[in-house]
Amino acid sequence: MALVTVIGRGHSGTRAISHTLYASGVYMGRTINASGDLVPPEAMYDACRVMAPYVDRVGELDWDFSRAISADIPAEFTALIERYLDSVLKSSAPERGWKIPETTLVFPWIARLFPDVKYIFWVRDPRDCVLDSHITDDLARFDIDYPPTVDQRRQRAISWKYQYDLMQSTPKPKQWLEVRFEDFVLHQEQTLQRLEDFLGYALARIVVRPEAVGRWKSDTGMHDFDFFEPALRAYGYELSSVAPASNGGAPETSREAR
């Protein structure tokens, strides 16, 4: 069974690789939306809620994922994932896969259920990730405990940190590739070669927009947070020239700049 999935927070540019896979003849499920997500998503959302109680918040912006990583996977979770992936798992297509950002929320259990899948971890500058809204901004939708806030950018940044920490805490599958969205856009041929070497088949070329890179530089709202810095350094992003917001964002009374 040749399967590939894309891991990455919403607005990480994952639709670019999903559309690339689809254009390359990879079966991405019976129905996909404009973002390249396999839909309907409700079974995946419910699966996220099954795993959520296995994560413990141990500080203002810190979580302990050890129970989620080591616990036996409930049969309910497996059934929900199989329902969500029904069209992909039953397909006879030689190359198959799926993409939906919520896969990231249950990555520890997905990696254990599908140890032979090829995982593409799609990375984007978090300052660009928080510019637009996504359903995973409010982690409470998926029963995940986090410090509440009325500030939308702070909420998005917390969601980003949660998902980044979850990825860093989870043992990586044997077939794992990390790709920066910025490299895919600005150095498409070189990045596609890496992807082709990893997947073992040729990929189509899609239209990319260079202006999608570094949008935060012209943004007038809050987009930089102190806990972004380790990831910015780890993935080679330039640091902001102004001091970021401390402890995850602006005061609770602030609102997102429009």
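Biologist: Which residues does aspartate 137 touch, not counting those up to four places away in sequence?

Modeller: This is a predicted model, in which local features need pLDDT of at least 70 and side-chain atom pairs count only at pLDDT 80 or more, whereas totals for chains, interfaces and linings use all residues. Residues are numbered from 1 along each chain as its sequence is written, and side-chain values use heavy atoms, with hydrogens and water left out. Taking contact to mean heavy atoms within 4.5 Å, the residues touched by aspartate 137 are Arg9, Asp132, Gln155, Arg156 and Ser159.

Biologist: With which side chain does the side chain of aspartate 137 make a polar contact?

Modeller: A polar contact is a pair of N or O atoms within 3.5 Å; within protein, one must be able to donate a hydrogen and the other to accept it, and residues adjacent in sequence count only if both atoms are side-chain atoms. For the side chain of aspartate 137, such a contact is found at 2.5 Å. The partner is the side chain of arginine 9.

Biologist: Is aspartate 137 buried or exposed?

Modeller: Aspartate 137 is found in the loop between helix H7 (126-129) and H8; helices (H or I, at least four residues) and strands (E, at least two) are DSSP runs, numbered from the N terminus. Buried means under 20% relative accessible area, exposed over 50%, and partly exposed in between, with a 1.4 Å probe and protein chains only. Because its relative accessibility is 5%, aspartate 137 counts as buried.

Biologist: The loop between H7 and H8 also holds aspartate 143. What is its phi?

Modeller: Aspartate 143 is partly exposed, at 49% relative accessibility. Although aspartate 143 is not a glycine, its phi is positive, at about 65°.

Biologist: Which residues touch the most other members of the largest nonpolar core?

Modeller: A nonpolar core is a set of buried Ala, Val, Leu, Ile, Met, Phe, Trp, Tyr and Cys residues joined through side-chain atoms within 4.5 Å. The largest one has 56 residues. Those that touch the most other members are Trp98, Phe114, Tyr119 and Tyr162.

Biologist: Which residues of H2 are buried?

Modeller: H2 is mostly covered, with seven of its 10 residues buried. The cover of these buried residues includes helix H3 (66-70), H4, strand E4 (96-99) and H6. In H2, the buried residues are Ala43, Met44, Tyr45, Ala47, Cys48, Val50 and Met51.

Biologist: Which residues lie nearest the centre of the largest pocket?

Modeller: On a 1 Å grid over the protein atoms alone, a pocket is an open set of points with protein on both sides within 12 Å along at least five of seven lines, a cavity is a set where a 1.4 Å probe fits but cannot get out, and lining residues have an atom within 4 Å of a point. The largest pocket holds about 510 Å³ of space, and H1 gives the most to its lining, with four residues. Of the 26 lining residues, those nearest the centre are Gly13, Arg15, Arg124, Phe181 and Arg209.

Biologist: What is the volume of the largest cavity?

Modeller: A search of the whole structure finds one cavity of 30 Å³ or more. Of its 17 lining residues, Phe121, Trp122, Val123, Trp160 and Tyr164 are the closest to the centre. The largest share of the lining, four residues, comes from H8. Grid points are joined across faces, edges and corners, and a volume is the space filled by probe spheres set on the points; for the largest cavity, the volume is about 150 Å³.
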